[in-house]
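Visitor: I am new to this one. Please pick a single part and take me through it closely.

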Amino acid sequence: MRAIEPHTVGFATNPRDSVRIAYEVFGPPDAERTIALLPSWSFGHSRFWKMQVPYFARQGFRVLTFDGRGNGRSDRPPSGYTTDHFAQDTLAVLDAVDVERAALVGLSAGSSWGLQLAAEHPERVTHLVLIGPSVKLDGTARVDLGEFLAEPPDREGWHKYNAVHWREQFRNFAEWFSPMVVSEAHSTKGVEEIIGRALETTPDILIATIVEGGTPRAAEFAAAVRCPTLIIQGSEDRVVPLERGIALHEAI
């Protein structure tokens, strides 16, 4: 059972490429303030916000979640996984539920589209929260693409974060990577859930998210943010280095 059920469920259509994005809305229908919990990497979907949704909904916020393209109930196009696409998805969802302004919360890769929206559409963003932001200010992809696409030297550790390995042993990668995301002790249930959500997508979709996932204008976006911004970065984050969060903090 879910701790709280959405009062509205639907689909928004991205006008750029007609991809359908599944969304849910929680909390008082007449709430004055909206929190949009953005999708992260297509390795999972919006249920990873399941702990935050009921809390904020019960505090009187309208809470909006949606499945990022490539997972959950949203469409799975073979390409179209740039920051621009995800940012436009977010605008399409906000428009579909008649929300003019919202506080945006982005986790990991979701920080990229939150950052872009705050910079390019300041009239739509009241606050910005970036958690473990994987944003690289030099605008490049999250990993070296040459190494990512080539045969790895072995299949151990971070060498599993590799396109060849994903196509051959995707479940093995999911079982290795999920405990990196939820690294707290006794997180067995959380790890199992992440693995299950990961297996709802495909290796080729995730490869597209990496190949297309750079944010060339990241530094420009950071400098343009004017709304109140909070960056949360764990010093023991196993996926995003602390230095990346610090650099983003200094750039905003």
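**A close look at Arg2**

Guide: The side chains of Arg2 and Glu24 are joined by a polar contact of 2.8 Å (a pair of N or O atoms within 3.5 Å, one able to donate a hydrogen and the other to accept it; residues adjacent in sequence count only if both atoms are side-chain atoms). The model is predicted, so local features need pLDDT of at least 70 and side-chain atom pairs pLDDT 80 or more, while totals for chains, interfaces and linings use all residues. Numbering runs from 1 along each chain as its sequence is written, and side-chain values use heavy atoms, without hydrogens or water.

Where does Arg2 lie? It sits in the segment before strand E1 (8-13); a strand is a DSSP run of at least two residues, a helix one of at least four. Arg2 has 25% relative accessibility, so it counts as partly exposed (between buried, under 20%, and exposed, over 50%, with a 1.4 Å probe).

Beyond its neighbours within four places in sequence, Arg2 is in contact with Glu24, Phe26 and Arg47. Contact means heavy atoms within 4.5 Å. Glu192 is 190 residues from Arg2 in sequence. In space, their C-alpha atoms are 17 Å apart.

Now a look elsewhere, at two helices. Ala163, Trp166, Arg167 and Phe170 in H5 meet Pro203, Asp204, Leu206, Ile207 and Ile210 in H7. The residues of this contact of H5 with H7 divide into 7 nonpolar, no polar and 2 charged. Here Ala, Leu, Ile, Phe, Trp and Pro are among the nonpolar kinds, and Asp and Arg among the charged.
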